[in-house]
Amino acid sequence: MKQVDIFTDGACKHNPGPGGWAAILRMGAHEKELTGGEPETTNNRMEMTAVLRGLAALKEPCAVTIHTDSRYVIDGMTRWICGWQKRGWVNAAKKPVANADLWRELIAAARPHKVRWEWVKGHSGHPENERADALASAEAARIAAGNA
């Protein structure tokens, strides 16, 4: 099984507002950068979309390490998701789960892979996290400037 590292980040100018996401895929010496954004979104949605697009880019089942500074994404996928599913996509406060559409897509995108989640402290000098942050921020700025 191929080993792939995916470094992700999301950014939002205002929250909600114009947002961007970035995923850097690395397999051995090969790297690929993916970026995108939306005119009206949230930071959490961009963090989730970065992981989703990174996983969706894989052509076959892989052993994947997701490197992200988003506790929301990691905790959602490793701690909260089972309870949400059991309760019919209602959270512990008995409210509809925010971003349920993306959580469902993430579950499906992760299913073929062996995924390991690694939290990276944001803005701490981690080279790939800094690069993903710069790419996501540039996408958010591009969209905010009306260049969608």
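How many disulfides does this structure have? Zero, when a disulfide is a pair of cysteine sulfur atoms within 2.5 Å. Cys12 is buried, at 19% relative accessible area. Cys62 is buried as well, at 4%. Buried means under 20% relative accessible area, exposed means over 50%, and partly exposed is in between, with a 1.4 Å probe and protein chains only.

Some ground rules. This is a predicted model, where local features need pLDDT of at least 70, side-chain atom pairs count only at pLDDT 80 or more, and totals for chains, interfaces and linings use all residues. Residues are numbered from 1 along each chain as its sequence is written, and side-chain values use heavy atoms, leaving out hydrogens and water.

Now the sheet. Five strands form an open sheet, ordered E3-E2-E1-E4-E5, with mixed pairing. Strands here are DSSP E runs of at least two residues, helices are H or I runs of at least four, and both are numbered from the N terminus. Two strands pair if DSSP finds at least two bridges between them. At the edges are E3 (30–41) and E5 (114–119), each pairing on one side only. From one strand to the next, the twist averages 20°.

Look at the E5 side. E4 and E5 run parallel, joined by six bridges. Thr65 stands opposite Arg116 in E5. Helix H2 lies across E4 and E5, at about 140° to E5. For such angles, axes are lines fitted to C-alpha atoms, for helices over the stretch in contact, and angles run from 0 to 180 degrees between N-to-C directions.

Next, the inside. In soluble globular proteins, nonpolar side chains tend to be buried together. A nonpolar core here is a set of buried Ala, Val, Leu, Ile, Met, Phe, Trp, Tyr and Cys residues joined through side-chain atoms within 4.5 Å. The largest one has 32 residues. Those with the most contacts inside it include Ile6, Leu55 and Trp103. Strands E1, E2 and E4 and helices H1, H2 and H3 each supply at least two of its residues. H3 gives the largest share, seven residues. Apart from this core lies another, of seven residues, among them Ala11, Ala22, Ile24 and Ala140.

Stay with Trp103. Leaving out residues up to four places away in sequence, its contacts (heavy atoms within 4.5 Å) include Met48, Tyr72, Trp84 and Trp89.

Trp89 has a story of its own. It sits in the loop between H2 and H3. Most residues other than glycine have a negative phi, and most peptide bonds are trans. His123 also has a positive phi, near 55°. His123 is in the loop between E5 and H4, and is exposed at 59%.

Pro16 lies in the loop between E1 and E2.

Two helices to finish. H1 has 14 residues and spans 20 Å from first C-alpha to last, close to the 20 Å expected at 1.5 Å a residue. That expectation is 1.5 Å times one less than the number of residues. Its buried residues include Met46, Glu47 and Leu55.

In helix H4 (127–144), find Asn129. Asn129 is buried, at 4% relative accessibility. Beyond four places in sequence, Asn129 touches residues including Thr8, Asp9, Asp69 and His123.
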